[in-house]
Amino acid sequence: MTGHDGWQPEAPELVRPYVITKGRGLPDEDALSLITLVTASADQQQRPARLSPEEQSLLDLCSAGYLSVAEIAGHTHFPLGVVRILLASLMEGGHLMTRPPVARARLADREILEEVLNGLRAKFG
Amino acid sequence: MTEYTGNPLLWVALVALVAAAVLISRQRKAARALRQQVQGLRDHYTELENDYGKSVQAAQERAEDETKTVLKSAMRTLQGLAAEQQLVLSRLQTKYGDSALLQDLLEIDHTNSQFGRRAQSIAVLCDGWLGGRRDTASVYDVVRSAQGRIRHFRRVDILSQVDFGITSRAVEPVALALAELLDNATSYSSPDTVVEINIRTVPKGICVVVDDAGVGMSDEERARADKLLATERASGVAGLGNPPQFGFAVIGLLCERFGFEVSVDSSSPYGGVRAVVLLPHELLTAMPEKKAPAPASAPAARGTARPVPEGGPEAALTSSPTGDGLPRRRRKRPMAIVPGSASTPRATGRSDSEQAQVMGAFQRGTQSGRVTEPDSPDHAGRTSETPGASSEGHEVS
C-alpha cells in the first residue's frame, strides 16, 4: 500500500492547524497583539491533564517568565495566528496571564532639557 | 404338413412377421438415436449455459477491474493534488499567519482534508495507494488527524490520551478508518451532540472507543456493517448503494489489510452507536519523540530563569543563561520578529533581576559613602567591596 513504485510526495503534517486550534476563531487584535507579554499563572500544580500537547508545550514555554507573543510564535513551528488562538484559549482557561506591552517612555520637554543644558553650561562651562 | 407349407397365407404371415420385426428393430434404433441426440443437445445446452455464465462473469470482472484501474489512477492523481495543496496551504498559513486571512486559509485546509479523505476512501476500495508516512505518530495525533478529515470535527471530543505511538505503516490506514467512523458518528447524530473518543489500554493492545449520541443503527444496517467488517469484504465500488455508503466497506478492507479490528456491535451509553477500534501490539510503538526542540529546552531553563523567588539576584545573574531572566534561545532558523518588540521583554526582565542588583549596589554605595565620609570622601567609593558600588561612587563624587 505504501509507495511501492518509489514515488512518495513530501508528506504534509499529520495534525492540521485547524484541529489544533479546535476550529476557534482568531482572538481580538487588541487583546493579544504581537508584543503582548504572556506568562503562566502562578498555580501550575492544577494544570489539567486534558490540554493538548501543543497547549502543554506553550505553557511550559511561558512558565519561564514573561515572553512576548511574537517570541512564543518563534519558538513553535506554528503560524502566528494559530499560536494566538491557542494562547487566547489558555487565557480563557485561566492558565496564562498577560501584561500589556510597556508603554513607550514619554520624551521630556525639549525646553526643559535646553534650560538644564544652559544651566549646566553656566555653572561648569 | 406339406399342405401347410403350400398354403400361401402362411408365407404371407411369415413375411409380415419378419417385416414387423425388422420395422420394430429399426424404430427402436431410431428412438435410441433420437434419445442420444436429445441427450447430446441437452449437454450442449448446459455447456453453453455454463460458458455464458462464465463469460458474463469474466466480462463483469474485467469491467470491474477496468473501473478499478481507472478509479485508482484517477484517485491517485487527486490524492497527490490534495497533498500538494495541503503543502501549499501550510506554506501560506506560515506566510500569512499574522493576518486575518489565516482564518480563511484554515477553512480551505479543512475542506481540502475532507476532499483528500474521499479520494483515499475510493482508492482503498480499488486496491489503490493510501499515501505513506515516514514517521511514527502518537495515537493521540492519529486520532486528531482523523478528526481533521471530517466535516463536523468541532463536535468531536477526545477525552483521554495514552503514551503509545503507531507504526508509520499503520498511521494512514488507522486515521482513515477512524475518520470514516467519526464521519458516520457525526452524520447520524444531531448537530448539537458531542461525539466522544476514549483511548484505553487493554491487554490486546489499545482500544479507541467512539461514542455518539445518535439514533443508533437498525438491525438491517447492523447486519450490513457486521458483514462488511467481519466476513465479506467489499470489492470495487459496485454494490455500495445509492447514495453510496463507503464507510464500513472501506473500514473492512483496511482492517483486513493492516490487521486491526473494528466492531460496532455494542450501543453507546448515550443511545447511539459505540464503535471500538482495537489496535494490536504489532501496530504500536513507543511514543515518538517531539520534533520541536523549544518545549524540551524550556523546562531546563525554568529552574534557573526564575531568579527572584528562588535565589538572590546574584545567583540569578551567575546561573541564568542570558543574564536577564529569559530562557536561553536556541534559534533553529531565523525568527521573524519585529525589531522593536524583541527588546521589550528584555527590558522587563532586567527590571526583575538586574534592577534589584543595581538598587542593592546603590544602597551599599551610599551607606559606605556615609560611613567613610569623615575620613576621605574620595576613597569611599573605590575601596568598597562590591563591584557595583564603584560605579555609584563616581556619581557621588
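A residue is counted as buried if 20 or more other C-beta atoms lie within 10 Å of its own, with C-beta atoms placed from the backbone. By this criterion, the buried residues of helix 2 of chain A are A:Glu55, A:Ser57, A:Leu58, A:Leu59, A:Asp60, A:Leu61 and A:Cys62. The model is predicted. Seven of the ten residues of helix 2 of chain A are thus buried, so this helix is largely enclosed by the rest of the structure.

The sheet of chain A was examined next. Three strands form an open sheet in the order 2-1-3, and their pairing is antiparallel. Strand 2 (67-68) and strand 3 (96-99) of chain A are the edge strands, each pairing on one side only. Strand 1 (residues 37-40) of chain A runs antiparallel to strand 3 of chain A, and four bridges join the two. In this pairing, A:Leu37 stands opposite A:Arg99 of strand 3 of chain A. Helix 2 (residues 53-62) of chain A packs on the sheet. Contacts of helix 2 reach strand 1, strand 2 and strand 3 of chain A. The direction of helix 2 makes about 100° with that of strand 1 of chain A.

Strands of a sheet pair through backbone hydrogen bonds, either parallel or antiparallel. Strand 4 (residues 195-202) and strand 5 (residues 205-211) of chain B run antiparallel and are joined by seven bridges. Two residues lie between these strands of chain B, which form a hairpin. B:Ile199 stands opposite B:Val208 in strand 5 of chain B. Strand 5 of chain B also pairs with strand 7 (residues 273-280) of chain B, again in the antiparallel sense, over seven bridges. Here B:Val210 stands opposite B:Ala275 in strand 7 of chain B.

A helix pair in chain B was also characterised. Two packed helices are described by the angle between their axes and the distance between the axes. For helix 3 (residues 101-125) and helix 7 (residues 247-258) of chain B, the axes come within 9 Å and cross at roughly 60°. Helix 3 and helix 7 of chain B are therefore oblique to each other. The crossing of helix 3 of chain B past helix 7 of chain B is left-handed. From helix 3 of chain B, B:Ser121, B:Val124 and B:Leu125 take part in the contact. They meet B:Ala249, B:Val250, B:Leu253 and B:Leu254 in helix 7 of chain B. By class, this contact has six nonpolar residues, one polar residue and no charged residues.

Notes. Residues numbered from 1 in each chain as written. Chains lettered and ligands numbered in written order. Predicted model: local features only at pLDDT ≥ 70, side-chain atom pairs only at ≥ 80, totals over all residues. Axes fitted to C-alpha atoms, helices over the stretch in contact; angles between N-to-C directions. Parallel < 35°, antiparallel > 145°, perpendicular 65-115°, else oblique. Left-handed = near helix turned anticlockwise from the far one by under 90°. Contact = placed C-beta atoms within 7 Å. Nonpolar A, V, L, I, M, F, W, Y, C, P; charged D, E, K, R; others polar. Pairing = 2+ DSSP bridges. Buried ≥ 20, exposed ≤ 12 C-beta atoms within 10 Å, placed from the backbone.
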